[in-house]
Amino acid sequence: MRLKIITTILFVGLMLFLQTQKTVATQITVSQDGEITSVQDGINQAQPGDTVFVKEGRYVEYDIRINKRITLLGANNAVIDGDNQGFVVVVEADSTVIKNIEVHNSKAGFMDDYAGIVVEGAHNVRIEGTKLVDNFFGIYLAKSKGTVLKNNHITASRKRETNSGNGIHLWYTKDVEILDNYVAGHRDGLYFEFVEGAFIAGNESENNIRYGIHFMYSDHCRYERNTFRDNGGGVAVMYTSNVEIVDNHFADNWGSSAYGMLLKEINRSQITGNTFTNNSVGLYMEASSRNNVQGNEFIQNGWAVQLMANSTDNKFNKNNFVANSFEVSTNSRMNYSNNFDKNYWSQYEGYDLNRDGVGDVPHRPVRLFSILVEKQPQSLLLLRSLLVDLLDAAEKFMPVLTPETLLDSKPQMEPVL
Amino acid sequence: MKTLTILRYQWKDLLRGKWIVGYGLIYLLIADAMIRFGNAGPKAMLSISNIMLLLIPLVGMIYGALYLYQSREFTELLLAQPIDRASLFWGLFGGLAIPLALAFTIGTALPMIYTGMILTANLQSILLILMLGIALTLLFTGLGFWFGLKFFEDRVKGLGFALVSWLFLAVLYDGLVLLAVFTFGDYPIEKPMLAMALANPIDLARITVLLEFDISALMGYTGAVFSRFFGSMMGVSVALSCLMLWLGIPLWRSQRQFEKKDF
């Protein structure tokens with residue numbers, strides 16, 4: 001009887017001991033001079049919930065598969081080098097965390113979208129503080145839900161669109177958060193296709209070969225406080241409704257088809273509080289309707305707004321247009337109920353006799369000269385010529401070629417913001 | 001040395017005439033107003049440069065010719081002295097062009113200093129505007145001298161020529177360029193257009209202003225010729241050397257004329 005009790009106690013104790021053993025996650029250390037020298041071996045030996053800690057050093061490995069829920073943690077200067085052989089890290093398990101690791105040199109190719117870190121079919125993954133250098137694609141998410149990318153530094157140095165991939169590539173994902181990342185030198189800095197409900201904030205995307213952000217078929221996304229600078233084509237947002245674009249900064253996108261932001265078939269979206277500085281074209285709108293463009297600043301752009309005539313019912317309220325070469329240009333005499341109201345135009349030449357801060361004569365932001373330039377681009381060389389100013393003044397007096405209804409009836413005398 | 005003495009006399013004479021002070025005051029008022037209304041930003045600079053492109057050629061040319069006519073007796077008196085004609089010419093020219101340039105510089109720079117714009121705005125743009133203004137003053141005063149000397153006996157003709165050529169360079173020339181663009185627009189006319197623009201000093205100065213303030217629009221042009229020209233240092237250096245040519249040739253011609261002239 002006593003023996004039975006003792007054995008039971010011992011057995012229960014052993015079970016409890018084993019239980020605690022299981023819940024305390026172990027850390028598996030990968031180092032170049034230790035027992036485990038390869039990251040893949042470390043992952044293979046780990047149990048779900050474990051941490052694989054990679055010590056300083058260069059690990060030449062590719063197609064590393066994370067197929068259980070682990071944390072892959074890097075020490076300073078822990079580099080996984082794909083040696084241009086294939087994918088580098090492939091995440092297949094939900095709730096995986098990748099932190100502080102460096103990933104270099106994935107393979108480049110035309111058949112597969114090789115990438116530094118691929119997350120495919122895994123949800124709630126967290127990738128934080130990683131550094132990706134010279135990968136074909138940087139971080140590639142496909143069919144993933146609830147994933148978070150934070151503080152990653154992604155750079156590449158390929159020169160041509162054809163042999164370069166995207167920095168952060170999202171395809172068919174939902175509720176993803178992309179925060180405070182830096183992307184440079186890729187084809188598209190950020191690429192979104194069939195994404196829903198993404199939140200993109202505080203990122204910086206510059207010097208990319210094509211677009212800073214390339215955004216398609218992605219409803220209900222919000223991006224705020226991002227900076228897009230000096231990208232080949234600027235930023236393109238297309239075929240989407242209900243996007244919120246707030247407090248972003250679009251700057252220094254120069255070129256014949258470079259846009260601070262290009263909107264194509266964007267409906268019912270909010271574009272508020274953004275700054276567009278020094279772009280060839282600040283905001284380009286094509287076939288976009290019912291958008292609210294409010295409280296933005298357009299400073300020293302070639303064309304502040306290019307509004308194609310197939311865009312309808314957009315509202316431009318309380319924006320500042322300061323020292324742009326052209327304020328608004330369009331490609332037709334017709335204006336389909338786009339409404340400009342209460343903006344500040346630095347080219348406004350009217351007066352305010354009753355001193356209520358609102359100009360007494362309406363402002364026509366489309367200059368005759370912008371239509372001449374549209375017809376014969378070479379005449380751009382005559383910008384700021386006295387003759388052109390005289391022609392513009394005559395046209396403003398009696399609009400013959402410019403859209404008659406495209407005007408701001410309450411131009412502000414002072415900047416609105 | 002003799003040039004400097006003449007220059008000093010000229011200077012005193014100009015100040016006594018008060019014209020030059022008024023000219024400087026005009027710039028002071030305009031720059032002050034522009035900075036006040038344009039919030040000391042790039043807009044103010046653009047307005048100032050627009051005024052500069054309009055006013056300096058007109059005043060420089062008219063005043064250059066007029067001054068030569070006015071100081072005819074003085075010139076003839078000096079010619080009776082043992083002074084070589086070259087130093088007399090440069091004395092006369094410097095005595096007018098330098099005060100005009102100074103009036104512009106001080107008139108424009110003073111409001112920029114006391115409004116603090118010089119600290120907030122882009123210093124490079126300010127310097128560019130001032131340098132362009134000085135170059136334009138020297139250039140068009142030189143042109144005015146040339147017209148004045150060419151029609152020394154017929155004042156109306158000289159002044160008329162100065163006025164008409166200002167109108168031509170400032171307005172009509174651009175009209176011709178625009179006409180050419182719309183007539184030959186289907187052909188690759190970028191290079192002839194650039195050449196045409198370089199052939200007119202006002203356009204030249206205007207394009208230099210464009211390079212500073214409207215580069216983002218210029219880079220938006222679809223042709224490669226413009227973007228290659230404007231996107232590189234070549235644009236600036238070609239424009240500057242053409243400006244130098246424009247400065248040199250009229251002065252050289254008028255000096256030759258002055259030396260040969262039978263007063």
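Let's start with one residue: Ile126(B) is found in helix H7 (residues 123-150) of chain B. Helices here are DSSP runs of H or I with at least four residues, strands are runs of E with at least two, and both are numbered from the N terminus. A quick word on what you're looking at: this is a predicted model, in which local features need pLDDT of at least 70 and side-chain atom pairs count only at pLDDT 80 or more, while totals for chains, interfaces and linings use all residues. Residues are numbered from 1 along each chain as its sequence is written, and chains are lettered from A and ligands numbered from 1 in the order in which they are written.

Back to Ile126(B). It has 17 C-beta neighbours inside 10 Å, so it counts as partly exposed. (Buried means 20 or more other C-beta atoms within 10 Å of a residue's own, exposed means 12 or fewer, and partly exposed is in between; C-beta atoms are placed from the backbone.) Skipping neighbours within four places in sequence, Ile126(B) is in contact with Met112(B), Ile118(B) and Ala121(B). Contact means that the C-beta atoms, placed from the backbone, lie within 7 Å.

Now for the two chains side by side.

| Chain | Helices and strands | C-alpha extent along principal axes | Buried residues |
|---|---|---|---|
| A | four helices, 39 strands | roughly 110 × 50 × 30 Å | 45% of 417 residues |

What about overall shape? Chain B has a radius of gyration of 20 Å, close to the 18 Å that the globule rule gives for 263 residues, so it is as compact as a globular protein of that length. The radius is taken over C-alpha atoms, and the rule is 2.2 Å times the number of residues to the power 0.38.

Among contacts between residues at least 6 apart in sequence, 48% join residues at least 24 apart in chain A; in chain B, that share is 81%.

Five of its six residues are buried, so S10(A) is largely enclosed by the rest of the structure. Strand S7 (residues 89-91) of chain A runs parallel to S10(A), joined by three bridges, and Val89(A) has Ile117(A) as its bridge partner. S10(A) also pairs in the parallel sense with strand S13 (residues 137-142) of chain A, over five bridges. Pairing takes at least two DSSP bridges between the strands. Here Glu120(A) is the bridge partner of Ala142(A).

Val89(A) and Ile117(A) turn up again in the largest nonpolar core, where they are among the residues touching the most other members of its 178. The largest share of this core, 14 residues, comes from helix H3 (residues 42-70) of chain B. Such a core is a set of buried Ala, Val, Leu, Ile, Met, Phe, Trp, Tyr and Cys residues joined through C-beta atoms within 7 Å.

How many residues does each chain give to the contact between them? Chain B gives 31 residues and chain A gives 28. The largest share of chain B's side, eight residues, comes from H8(B).

Technical notes
Contact = placed C-beta atoms within 7 Å.
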